[in-house]
Amino acid sequence: VAINGVDYSSSEHAQFWYIDPVLVTGLSYSSGPEDGGTEVTVVGSAFSSLCAYVCEFGGEAYRVKAAWLTSKALACTSPEHAPGVVSLRVSANGQQFVTASSTFRYQATAMVTHVRPSRGPVSGGTEVEVHGVGFVSSTHVACRFGDSVVPAAFINSVTLLCTSPAVMVSSSREVAVAVRVTNNGLDFSRDHGGLSSFTFVP
């Protein structure tokens, strides 16, 4: 720095780093619920561990910190956003951004209201109609009975068809589990006070 254009000061503590330009080639997940929380891996190249990256989901108000994983991957958690398609951009300094080639789709939050039938044998195989809201026709749509995930057949935005899995029980007592759904294969709906439970019968 100089105040007269001739005599410049120097400091070892004030340094400016030039970094290689990054390239963003893809996203591990291209959709998620409107209430956020989707863990998205940003795939690309030239990510430096020295930089404090941010991800932007559609605008400045939707910026989140990114975690450096490797020189080819960052991790970002999607913030809350109204349903719709947004661009995802990455920056190493909060000023210059690189836009991902893939967009990110915010979907209405899925919710299960009830299942029919609500009981079936522990051996599995019961075809269960799952009713609710916010279901999406997707290759990733699935149902989860307790901890067991099974594929779902999309009927419409309020109905899915799932086959109950076989479960292991340690006694002859009935076991009730929550039924949840996912549109993207990662984020599952929440349990709403047992309204979406399924009971396995020995």
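1. Arg119 counts as partly exposed because its relative accessibility is 44%, where partly exposed lies between buried (under 20% relative accessible area) and exposed (over 50%), with a 1.4 Å probe and protein chains only. Arg119 forms a salt bridge with Glu174, with 2.5 Å between the closest N and O atoms; a salt bridge here is a side-chain nitrogen of Lys or Arg within 4 Å of a carboxyl oxygen of Asp or Glu. This pair links distant parts of the chain, as Arg119 is in strand S11 (residues 119-121) and Glu174 in the loop between strand S15 (159-163) and S16, 55 residues apart.

2. The model is predicted, so local features need pLDDT of at least 70 and side-chain atom pairs count only at pLDDT 80 or more, whereas totals for chains, interfaces and linings use all residues. Residues are numbered from 1 along each chain as its sequence is written, and side-chain values use heavy atoms, with hydrogens and water left out.

3. The protein chain has zero helices and 17 strands, these being DSSP runs numbered from the N terminus (helices H or I, at least four residues; strands E, at least two). Its radius of gyration is 24 Å, while a compact globule of 202 residues would have one near 17 Å; the radius is taken over C-alpha atoms, and the globule rule is 2.2 Å times the number of residues to the power 0.38. Along the principal axes, the C-alpha atoms fill a box of roughly 90 × 35 × 30 Å.

4. Five strands form an open sheet of mixed pairing, in the order S2-S9-S8-S4-S5, where two strands pair if DSSP finds at least two bridges between them. The edge strands, S2 (31-33) and S5 (63-65), each pair on one side only. Within this sheet, strand S8 (residues 84-91) and strand S9 (residues 97-107) pair in the antiparallel sense over seven bridges, and Thr99 in S9 is the bridge partner of Arg89.

5. Arg89 also forms a salt bridge with Glu56, the closest N and O atoms being 3.0 Å apart. That pair links strand S4, which holds Glu56, to strand S8, which holds Arg89, across 33 residues. Glu56 counts as buried because its relative accessibility is 5%, whereas Arg89, at 24%, counts as partly exposed. Arg63 joins Glu56 and Arg89 in a network of salt bridges.

6. The structure holds five salt bridges, including one between the side chains of Arg190 and Asp35 (3.6 Å, N to O). Arg190 lies in the loop between strand S16 (175-182) and strand S17 (197-201) and Asp35 in the loop between S2 and strand S3 (39-45), so the pair ties together parts 155 residues apart in sequence.
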